[in-house]
Amino acid sequence: MKLSRIFSWVIFILGVLYFLLPLYATLEFSLRTKVPFVAYTNVLFKDPQFAGSLIYSAIVGVITILVSLLIIVPTAYWVRLRLPRLRPVVEFVTLLPFVIPPVILAFGLLRAYAGPPLPLTGTDFGLNILVVAAYVVLSFPYMYRAVDSGLQAINVRTLTEAAQSMGAGWTRILISVIFPNIRVALLSGAFLTLAIVIGEYTIASFLVRPAFGPYLALLGRDKAFEPAAVTIISFGLTWMAMGMIALLGRGSRQRVQVAGAR
Amino acid sequence: MSFLELTDVQKRFGDTTAVEGFNLAAEKGEFVSFLGPSGCGKTTTLRMIAGFEQPTSGTIRINDEDVTYRSPNKRNVGMVFQSYALFPNMTVADNIGFGLKVRKRPKDQIKKRVAELLEIVNLPDKGARYPYQLSGGQQQRVALARALAFEPQVLLLDEPLSALDAKIRVALRHEIRSIQRQLGITTVYVTHDQEEALSLSDRVVVMSEGRMEQVGTPFEIYNFPSTAFVASFVGTLNVLPGVVVDASRGELTIAGQPVRLGHAFEGSAGREIRVALRPEMVQLGPGENGTNRLTGKVGDVSFLGSIVRIRLALGESGPTVVLDVFNEPTLRLPQLGDTATVRFPQDGPLVLDPKAPVESVEALIAEA
Ligand SMILES: Nc1ncnc2c1ncn2[C@@H]1O[C@H](COP(=O)(O)OP(=O)(O)OP(=O)(O)O)[C@@H](O)[C@H]1O
Ligand SMILES: [Mg+2]
């Protein structure tokens with residue numbers, strides 16, 4: 001009993017070190033400038049590209065999440081409800097982004113949309129559409145898995161039928177019954193998607209988008225301390241985003257549960 | 001004109017026929033049960049009334065409107081599921097009010113109706129709770145309230161009590177019945193528990209392998225089963241396989257044990273027949289000479305309040321005889337696994353006609 005406790009603490013501490021040591025090293029390095037924090041102030045206040053690219057990626061990320069949810073949730077729901085035999089097929093399709101390298105996806109998009117019938121590569125707007133579309137595809141494996149496991153946790157079919165018998169149509173069932181009950185799953189899918197979009201390099205640079213990934217790569221080539229500072233900053237932002245999602249995920253249900261336990 | 005009418009309803013899933021030749025005409029306010037063993041098509045029939053499945057052929061009419069192919073959300077039919085199916089993200093009040101919200105009723109009206117229903121199902125102060133904070137019985141009451149809130153034309157219940165334990169089951173079933181009477185709502189109740197069906201219903205539909213075996217009042221079903229299946233499934237009428245020894249002298253064997261009837265019957269020696277035996281004809285103990293006896297192993301002893309029901313297995317995989325004993329404090333009951341002998345008079349058993357087993361056990365029983 002006692003020994004196993006010690007053992008688990010050792011494992012825990014090793015894990016913490018594994019994550020925190022590189023972070024600490026980066027932090028330490030970013031502060032080695034002659035004037036402390038100058039790398040940070042440089043990035044935050046003197047480099048408009050930092051904020052610009054971060055905001056661009058965040059917006060693209062949010063749009064990607066919305067589009068991805070709109071495609072994945074009804075699909076996963078319908079497959080669970082009516083086409084359970086197609087589940088392996090759909091699962092395989094959503095896994096394709098793992099099989100096809102992003103370079104190929106980017107090249108394919110560039111070739112397919114360079115000319116008629118849908119010339120999108122000529123304008124910024126068109127390229128933005130392409131990058132969102134590509135990211136939506138990249139998000140499929142994470143989103144589908146998250147949503148599907150969320151659906152698995154609730155009794156989709158009976159809940160749907162109960163709502164139907166009370167007169168609800170498909171839109172209402174999805175919005176009032178299905179979405180709220182898989183909210184936590186949706187949030188985790190959304191978070192993974194955001195993380196991927198913000199760090200993505202290949203597609204963004206092929207489509208010449210002012211995104212955070214290419215900016216980070218450029219910075220790493222040109223500067224010494226700033227990349228470390230950006231890493232720390234984006235790490236902090238990520239944690240903030242995670243905290244926000246955790247807050248959002250705490251629905252009325254959990255709150256009541258806490259109150260009930262007292 | 002009946003309120004709920006199913007005409008020649010048939011449902012096939014690929015090669016399997018789940019329901020066929022289903023005809024039912026239920027009056028407004030009637031409480032009808034579908035009773036039958038697992039897989040006999042009860043749920044499928046209910047789901048066709050609700051609109052979750054469409055019949056392969058036949059029609060379903062509610063209040064003189066053909067709803068056979070109408071989608072479930074347009075039918076105004078309330079449904080209670082075995083698994084409660086409450087919306088976990090909504091409070092009890094929101095669950096009950098859901099149907100009204102869908103119908104865009106004003107908020108204060110919904111609130112009033114919800115309070116009314118919470119009162120009806122005896123949970124007046126639970127409106128703000130979430131489903132997971134309620135017991136199973138309470139959840140099923142909420143599900144009932146939810147199905148009734150929008151004043152459906154028909155209420156459908158699919159084994160609503162089978163996930164609950166026995167005591168709550170009995171209490172809640174009487175509650176369901178009294179609420180149903182109070183509201184006068186046409187109700188279809190699916191169960192595989194004959195006691196439930198018999199004690200609740202105006203009429204019982206006994207089903208087997210997708211077909212209706214018999215439709216009738218609980219009294220008719222219990223006392224005058226019209227097929228051998230009903231006789232053995234409903235009530236505790238014992239239907240035992242026998243072998244003719246000498247029909248003219250009324251001799252046969254049941255599970256290899258000799259039995260003598262007080263009268264001659266038809267059948268050549270060695271022929272397999274079936275014999276019906278009412279539990280109340282059977283008594284515990286060997287009794288005097290001249291009565292018929294069967295010996296077997298006690299398989300089950302269950303208290304049903306004033307009576308005790310005993311199941312006696314004749315041989316390893318042989319037939320069982322069910323008998324009822326009045327529960328008296330002085331009674332010495334056999335234990336599970338004991339060997340016991342039961343007796344019944346010579347005019348107790350009824351020989352079922354093997355050629356027309358369906359014909360009338362009724363006549364035979366009336367005769368007896
Ligand atoms: N969706 C389906 N696809 C294929 N076969 C089905 C389907 N639903 C039901 N069946 C078949 O139809 C028959 C009747 O099933 P049903 O669920 O109506 O039985 P039931 O009387 O409700 O049984 P239980 O008491 O076990 O609930 C069964 O043989 C079942 O296997
Ligand atoms: Mg069923």
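With which residue does A:E28 form a salt bridge, and how far apart are the closest N and O atoms? In this predicted model, the partner of A:E28 is A:R32, and the closest N and O atoms of the pair are 3.1 Å apart. A:E28 counts as partly exposed, with a relative accessibility of 31%, whereas A:R32 has a relative accessibility of 54% and counts as exposed.

The two chains are described next. Chain A consists of 13 helices and has zero strands, and its C-alpha trace spans about 70 × 70 × 30 Å along the principal axes. Of its 262 residues, 37% count as buried, and the accessible surface of the chain comes to about 15,300 Å², with 73% of that area belonging to carbon and sulfur atoms. When contacts in chain A between residues at least 6 apart in sequence are considered, 76% of them join residues at least 24 apart. The charged side chains of chain A number 21 positive and 9 negative, and the centres of these two sets lie 12 Å apart.

Chain B, by comparison, comes to nine helices and 20 strands, and its C-alpha atoms fill a box of roughly 80 × 50 × 35 Å along the principal axes. Among the contacts in chain B with a separation of 6 or more, 64% are between residues 24 or more positions apart. Chain B carries 40 positive and 43 negative side chains, and 8 Å separates the centres of the two sets.

In soluble globular proteins, nonpolar side chains tend to be buried together. The largest nonpolar core in the model holds 113 residues, and the members that touch the most others are A:I178 and B:F34. Helix α6 of chain A, which covers residues 124–153, gives the most to this core, with 13 residues. Apart from it lies another core of 26 residues, which includes B:A247, B:I254, B:F265 and B:V308. When residues up to four places away in sequence are not counted, the residues touched by B:F34 include B:F22, B:L24, B:I49, B:V188, B:V205 and B:M207, as well as B:K42 and B:T45.

Over all chains, 21 salt bridges were found in the whole structure. One of these joins the side chains of A:D148 and A:R87, with an N to O distance of 2.3 Å. This pair links distant parts of the chain, since A:D148 lies in helix α6 of chain A and A:R87 in helix α4 (residues 87–99), 61 residues apart. A:D148 is buried, at a relative accessible area of 7%, whereas A:R87, at 25% relative accessibility, counts as partly exposed.

In chain B, a salt bridge is formed between B:R177 and B:D202, whose closest N and O atoms are 2.8 Å apart. Here, too, distant parts of the chain are linked, with B:R177 in helix α5 (residues 166–183) and B:D202 in the loop between α6 (194–200) and β9 (203–208), 25 residues apart. B:R177 has a relative accessible area of 7% and is therefore buried, the cut-off being under 20%, while B:D202, at 30%, is partly exposed. Finally, A:R157, A:E161, B:R47 and B:E53 are joined into one network by salt bridges that share partners.

Terms used:
Residues are numbered from 1 along each chain as its sequence is written. Chains are lettered from A and ligands numbered from 1 in the order in which they are written. Side-chain values use heavy atoms; hydrogens and water are left out. Helices (H or I, at least four residues) and strands (E, at least two) are DSSP runs, numbered from the N terminus. Contact means heavy atoms within 4.5 Å. Lys and Arg count as positive and Asp and Glu as negative; His and the chain ends are not counted. The place of a charge is taken as NZ of Lys, CZ of Arg, CG of Asp or CD of Glu. A nonpolar core is a set of buried Ala, Val, Leu, Ile, Met, Phe, Trp, Tyr and Cys residues joined through side-chain atoms within 4.5 Å. Buried means under 20% relative accessible area, exposed over 50%, partly exposed in between (1.4 Å probe, protein chains only). A salt bridge is a side-chain nitrogen of Lys or Arg within 4 Å of a carboxyl oxygen of Asp or Glu. Accessible areas come from the Shrake-Rupley method with a 1.4 Å probe; for residues, only the protein chains shown count as cover.
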